[in-house]
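Here is a short tour of one protein model, moving from a single residue out to the whole chain. Please keep the sequence and the 3D view at hand as you read.

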Amino acid sequence: MTQGQLEELILEKKPVENADLSGIDWSDLVDGALHARHCVFRDAHLTDAELAGAKLENCTFERARFGGANFTDAVFSHCSFFDAETRQGCDFSRADFEGATFENCNLATAKFGLASLFDTTFKHCKAAGADFEDARFAKSSGRVAVSRVRFIGTQLDMSSFRQARLEDCMFSECSLRQADLRQTTLSSADMRGSDLSEANLNGAILDNADLRDATLLGLDVTKLTSFEGVKVSADQLTDLVRPLGIRVFPRGR
């Protein structure tokens with residue numbers, strides 16, 4: 001599809017369907033919300049693209065770069081951002097995804113360095129090996145920085161959130177097996193029902209975090225910075241206090 005054909009569809013507020021958009025110059029696009037279905041973005045440079053409110057369904061992004069792109073309030077549904085041939089994910093560094101939603105997307109090994117992810121939702125996505133180090137989950141409100149991001153039913157095995165500030169954020173029924181959560185701040189985070197087996201939480205802050213019904217295999221509380229007020233289920237206590245030298249027995253023994 002040519003630049004002119006794409007811009008005509010955007011101006012007419014019509015969806016772009018079954019098109020190869022790899023050669024589009026995204027830095028000089030007409031104003032208007034993009035709605036794309038079953039489109040291909042191969043080696044696309046969406047650097048500094050203004051695509052706020054875009055809606056993309058069943059699209060394929062291979063080796064695409066999103067540096068500095070504006071995707072605030074955008075919706076990505078059933079999209080793939082992973083190149084199976086090279087085993088590489090897309091680079092979202094410095095992109096703005098505030099208020100955006102990723103649903104049923106493949107984000108494996110994607111890079112989110114310095115990306116704005118405040119109020120972003122990841123729902124039922126595959127993001128194994130994704131790199132969220134240096135991503136920005138917080139937004140300043142006066143003198144206070146508020147964190148907000150939602151991961152729901154998302155696979156985050158071996159992903160990295162090292163040193164991320166994730167206060168009050170949600171990881172609901174996610175898989176975080178072997179994830180790198182070193183020195184993360186997870187105060188008041190909702191992690192109910194998530195699998196944290198063998199996740200590295202050394203130096204993490206879990207004050208008032210909700211870990212009820214989460215799988216905590218391998219969690220060593222002695223290596224946490226603090227965990228005051230953390231919420232757990234009764235059946236989690238045995239694994240949780242074992243590193244402290246405490247043994248838990250059934251009542252009456």
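V230 is partly exposed, with a relative accessible area of 21%; here buried means under 20% relative accessible area, exposed over 50%, and partly exposed in between, using a 1.4 Å probe and protein chains only. V230 sits in the loop between β14 (170–172) and α2 (237–241). Helices (H or I, at least four residues) and strands (E, at least two) are DSSP runs, numbered from the N terminus.

Which residues does V230 touch, leaving aside its neighbours within four places in sequence? They are L206, N208, A209 and L211, where contact means heavy atoms within 4.5 Å. I205 is 25 residues from V230 in sequence, and their C-alpha atoms are 10.0 Å apart.

## How to read the model

This is a predicted model, in which local features need pLDDT of at least 70 and side-chain atom pairs count only at pLDDT 80 or more, while totals for chains, interfaces and linings use all residues. Residues are numbered from 1 along each chain as its sequence is written, and side-chain values use heavy atoms, with hydrogens and water left out.

## T121 in strand β10

Now let us turn to a strand residue. T121 belongs to β10 (residues 120–123) and counts as buried, at 11% relative accessibility. Its side chain makes a polar contact of 2.9 Å with the side chain of R150. A polar contact is a pair of N or O atoms within 3.5 Å; within protein, one must be able to donate a hydrogen and the other to accept it, and residues adjacent in sequence count only if both atoms are side-chain atoms.

Beyond the neighbours within four places in sequence, T121 is in contact with A100, T101, F102, R150 and I152.

## Two positive phi values

Most residues other than glycine have a negative phi. D48 has a positive phi, near 60°, and lies in the loop between β3 (40–42) and β4 (55–57). D48 is partly exposed at 46% relative accessibility.

R94 also has a positive phi, near 70°. The loop between β8 (88–89) and β9 (101–103) holds R94, which is partly exposed with a relative accessible area of 49%.

## The whole protein

The protein has 2 helices and 14 strands, and its C-alpha atoms fill a box of roughly 75 × 45 × 25 Å along the principal axes. Of its 253 residues, 45% count as buried. Among contacts between residues at least 6 apart in sequence, 20% join residues at least 24 apart.
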